[in-house]
Every structure is written in C-alpha cells, then in structure tokens.
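Here are two exercises to work through with the model open. Try each task before you read its solution.

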Amino acid sequence: MATVQVSEAEKVYILHGIRDDLRVDGRGCEDYRHMEIETDVVSNTDGSAKVTLGHTAVLVGIKAEIGKPRPMVPKEGYLEFFVDCSANATPEFEGRGGEELGTELSNTLYKVFNNKKSVDLRSLCISAGEHCWVLYVDVLLLQCDGNLYDAISIAIKAALFNTKIPRVHISSDDEGGKEIELSDDPYDCMRLNVENVPCIVTLCKVGHRYVVDATLQEKACSVASLIISVTHKGTVTCMRKVGGGSLDPESVYEMTEAGKRVGKTLHAPLMKLLQEEESLGTKRQKVGFLG
Amino acid sequence: MGNVVQSEARGAVRFSSVEVCGNMAGLELLSDQGYRLDGRKATELRKVQARMGVFAQADGSAYLEQGNTKALAVVYGPHEMRGSRSRTRHDQAVINCQYSMATFSTAERKRRPHGDRKSTEMSLHLKQTFEAAVMTQLYPRSQIDIYVKILQSDGGNYSVCVNAATLAVIDAGIPMRDYVCACTVGFVDETPLADLCYAEESGGVSSLALALLPRGGQIALLQMDARLHQDHLETLIEAAMTACKGVSKVLDEVVRQHLQESSVLSGE
C-alpha cells in the first residue's frame with residue numbers, strides 16, 4: 001500500500017477522535033466516503049466499471065474469452081483476476097514495485113469471487129469438458145487512498161453486472177469436429193446474475209474501536225484489519241485478518257457483526273444504481289474521466 | 001500483415017499499392033472521394049477531448065481522448081531523486097517516464113501491462129521528448145516522474161501519450177518551453193493521412209510519428225519505421241507539422257478552460 005507518514009501527535013489525535021466516534025473528515029465509524037460508480041467506461045471490453053471512493057479510484061475491465069474448462073469441474077467456466085497497481089497511484093509502484101500488492105489483492109479476489117456460490121459458473125459453460133467462457137477480470141488501480149478491497153469488490157460487482165457475453169451455438173461440421181459460432185447480432189448476449197456476488201468490507205482496528213473505510217492516515221494508526229466479504233443476505237463468505245498486529249477474539253466477533261451489518265446495506269443501493277444506469281440504455285451520457 | 005509495395009517507373013510516375021490485412025480485405029484506406037475508413041478526410045484529426053486535474057493526489061494529471069484512443073497521464077515532481085542517487089544530475093532535473101497499457105486496452109488481452117520491449121522503447125521516447133521541452137535546468141538534483149497509461153488503444157498511442165503528458169506537466173506547474181504536440185501520419189496513394197487509427201496503422205501504411213514544439217517549429221522526436229520514398233518525406237513531415245499545430249490549438253483551449261474553471265472556483 002502506498003505509505004503515508006503520520007507523526008505521533010497526529011496518531012493520538014486520530015485515535016482520540018475515533019474513540020468518540022468522530023473521524024478526521026467528520027464521518028462516523030461506520031460511514032463510507034463519497035462513492036461514484038459508473039459502468040461501461042471502456043468500450044472494447046465486454047464489461048467495465050469505474051469506482052471512485054473518496055480519493056481511491058479503481059477501473060475494472062472484463063473480457064470474455066473461450067477456453068478449456070478446468071479438469072475437475074468440466075461443466076463450469078471460471079474467472080481469472082489480474083490486479084495492476086499502476087505507477088499512477090504512487091511512484092513506489094513504478095516498474096515491479098506494485099507487483100507484491102497486486103498479487104496479494106488478486107489472490108484474495110480469487111477466493112472471494114471465483115466460486116459457484118458467488119457467480120453462476122455453470123452458465124459460463126459452452127460444451128462440457130471442451131469449451132467454456134473464461135472471464136478475465138482486470139483491475140487497474142489508479143489512485144490509492146486506503147480501502148482498496150472495498151472499492152475493487154464494488155467495481156467488480158458493477159462490471160460483472162455490466163458484462164455482456166455473446167451468445168454462441170455449437171454446430172458440428174463435416175469432419176465431426178465442433179464449430180463454435182458467435183451470433184451475428186451484437187446485441188444478442190447473455191448477462192450474468194450478480195445477486196449473490198459479495199462485497200468486501202474492510203474493518204480497521206484503531207485503538208479500541210474499529211472503523212469502516214479507513215483512509216491511509218487511519219490505516220497508519222491501526223495495527224490490524226479484518227476483511228469480510230458479505231452477500232446481500234448478510235451471509236459472510238470469506239474472512240481474513242491482515243496486518244502485523246493481533247486481534248483478540250471479542251474484537252473479531254464484534255467486527256464481524258459490524259461488517260455483516262455494513263455489508264448488507266451496501267448491496268441494495270448499489271443494485272438500484274446499476275439498474276437505473278441500465279434502464280437509461282443508450283441515452284445515458286457517458287462521463288468517464290471527463291466529468 | 002499488410003505490405004506496402006512501391007515501384008517507380010522512369011520519370012515522375014510513381015504508384016503504390018497497399019494490401020490490407022486478411023480480415024479487412026477489400027477495404028480501402030482512402031476512397032476515391034477522399035474519405036478514410038472512419039469517414040474522415042485525409043488531413044482531418046480525430047475528436048480530441050481532454051481534462052486536466054483528474055486526480056487530486058498526484059502533482060499533475062490529465063486525461064486525453066483522441067477518437068477511441070484514451071490515455072491517462074500523471075506527473076509526480078519535481079522531487080528528490082528516488083532509487084539510485086548516482087543518476088542525479090548536478091545541473092538539471094532527471095525526467096523518468098513509464099509507458100504502460102492496461103491489459104484490457106487492446107482488442108486481444110495483453111498479459112503484461114509493461115516491461116516488454118515496446119513499452120520500454122516508448123518510455124525512452126517519451127523521456128527524450130520531454131527532455132527537449134521541460135526546463136529541467138530550473139530543478140537541479142531532482143527528478144520528475146511522468147507516468148502514462150493507455151486505457152484504450154486505437155492507433156496513435158505515442159501521440160496521444162505525448163499530448164496527455166503535456167497537459168499533465170502543465171497541470172503540475174512544471175515550466176516548459178512550449179506545448180509538446182504529437183501526431184502520427186501515414187502515406188497512402190500519394191496523400192498524407194493525419195492521425196492514423198489502428199486499422200490504418202496495421203493496414204501497412206508507412207507511418208511517421210512526430211513530436212513538435214509548435215511555436216518555434218522545433219521537432220522533439222521523429223520516428224518512422226517503414227519504407228517511404230525520399231521525395232515524399234518532406235510532404236509527410238509538412239503534413240505532420242500542420243496536424244501537430246492543430247492539436248496544439250486544442251490543447252491550448254483545454255488549458256485556458258481549466259484555468260478559467262479553477263479561478264472561478266477559488267473566487268478570483
């Protein structure tokens with residue numbers, strides 16, 4: 001993560017503020033920063049989304065390609081993740097500097113999203129054992145101001161909602177082999193059901209309390225964080241503790257409950273926004289970075 | 001891939017024939033009425049839209065779209081030398097550029113965003129271009145980082161990068177001698193085409209990339225790797241310079257607009 005230097009006095013100030021449920025920018029402990037979501041920003045992908053959470057900016061592009069299914073699960077497709085921590089975010093990520101963080105992020109994303117409970121992987125199958133859709137999810141980190149997991153998971157959910165996979169049908173040609181034909185109509189496509197896709201909530205332990213959506217400065221004051229992925233029903237699908245400090249079990253239970261509560265409330269407004277954007281169709285004015 | 005075949009008869013008659021890629025067989029890069037594949041005329045540029053100050057955390061940032069090619073440029077600096085102190089110059093700033101492409105930017109997914117030979121070469125070209133324009137002697141013993149990311153690639157990558165980076169450097173408040181404007185031009189059927197798109201670039205056109213400092217007409221970078229008859233070179237460079245001057249007008253407009261917006265916001 002991009003580092004920020006925080007002095008001892010600043011740390012004490014932030015700690016005391018959080019103890020009284022008042023953070024530096026005036027938020028409460030469980031409030032998110034201003035979030036902006038837009039889908040379909042990159043036109044040569046099958047689905048894309050841009051999420052800005054305070055100063056953190058993330059761009060996700062999804063490309064669907066035809067590949068061979070995994071041998072253990074021949075009737076399912078799969079997702080491949082790649083997180084690019086670009087030098088745009090901070091000069092420390094230049095060259096291979098961002099690789100470590102990128103690998104850590106993508107490994108967590110595999111655990112959270114690449115399973116049949118989150119995404120209906122069976123719908124990605126074209127012919128069992130031979131062909132399936134592989135969704136390459138590429139995450140581009142543009143600006144880094146803390147809380148990367150949350151922003152990335154929201155962007156992935158929005159991008160999956162926006163993904164249009166072309167319909168194919170298999171026909172056998174003369175030699176007995178299978179031929180895959182893409183349908184001619186560019187609007188004839190399959191959409192994914194993203195209802196069960198979870199969102200990740202990161203809770204940082206600062207002093208005796210925990211905060212949601214920590215900025216880099218608050219992160220510098222915390223010793224440990226808990227990453228929880230929560231579905232729209234409030235079910236926890238994945239949990240991980242990160243950071244060098246230790247957490248006592250009481251805190252873990254408390255933070256899990258808070259994470260479930262906060263995570264559950266993320267989904268409804270997100271889906272509503274995505275449906276609204278979708279209903280505007282081609283009349284929607286695409287803003288992207290120009291707005 | 002396409003081939004450009006030029007043959008020269010005795011005297012002044014010269015003709016070139018262009019074969020385009022297999023899956024675009026039969027598409028003419030320049031029709032008889034003078035229209036290109038996307039309906040532009042030979043000297044017409046693509047639509048340029050840009051915005052400065054896109055990211056608050058960086059010292060300077062800009063986003064620029066030229067047709068379907070979109071680039072994001074970010075500038076950090078001038079700051080103390082990071083990494084090897086031995087590269088510090090006592091009399092001027094060191095410019096460090098990195099060019100990278102998003103993995104979803106091209107039609108076929110790119111596996112590595114940067115680190116391959118083409119990206120390294122582009123980074124060096126950008127460094128060369130900006131060393132000519134930025135007044136580095138004002139910041140000795142420091143470093144200026146310019147990072148450019150291509151979000152969508154549809155031809156003219158280098159030119160769009162340079163234009164975006166110019167705006168980002170201006171947004172960072174780093175003094176330059178002049179705007180740096182770049183354009184990629186090609187030569188088809190005795191006509192220079194300004195601002196090539198991907199279809200034209202891969203269709204076997206001899207393309208030339210030029211970075212210009214418009215006011216003095218100074219060329220910062222000139223690159224061409226295709227076969228072109230010597231007699232056509234001057235026409236092509238002239239066409240490139242005219243296209244660059246067109247781009248500089250647009251960039252100037254963007255900068256003035258941004259300045260006006262910022263001064264309105266700060267109440268001046």
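**Exercise 1.** Work out how much area chain A and chain B bury between them, and what makes up the chain A side.

*Solution.* Start with the total: about 2,800 Å² is buried between chain A and chain B, with 56% of it on carbon and sulfur atoms (buried area being the accessible area, 1.4 Å probe, that two parts lose on being put together, summed over both). On the chain A side, Asn88(A), Phe289(A) and Leu290(A) lose the most area to chain B, together 24% of what that side buries.

A quick word on the model: it is predicted, so local features need pLDDT of at least 70 and side-chain atom pairs count only at pLDDT 80 or more, while totals for chains, interfaces and linings use all residues. Residues are numbered from 1 along each chain as its sequence is written, chains are lettered from A, and side-chain values use heavy atoms, leaving out hydrogens and water.

Next, count residues: 33 from chain A and 31 from chain B take part in the contact (heavy atoms within 4.5 Å).

**Exercise 2.** Is Arg40(B) buried or exposed, and which backbone oxygen of Asp195(B) or other residue does its side chain reach?

*Solution.* Arg40(B) counts as buried because its relative accessibility is 6% (the cut-off is under 20%, with exposed over 50% and partly exposed in between, 1.4 Å probe, protein chains only). Its side chain reaches the backbone oxygen of Asp195(B) at 2.8 Å and that of Glu44(B) at 3.0 Å.

Terms used. Polar contact = N/O pair within 3.5 Å; in protein donor to acceptor, adjacent residues only side chain to side chain.
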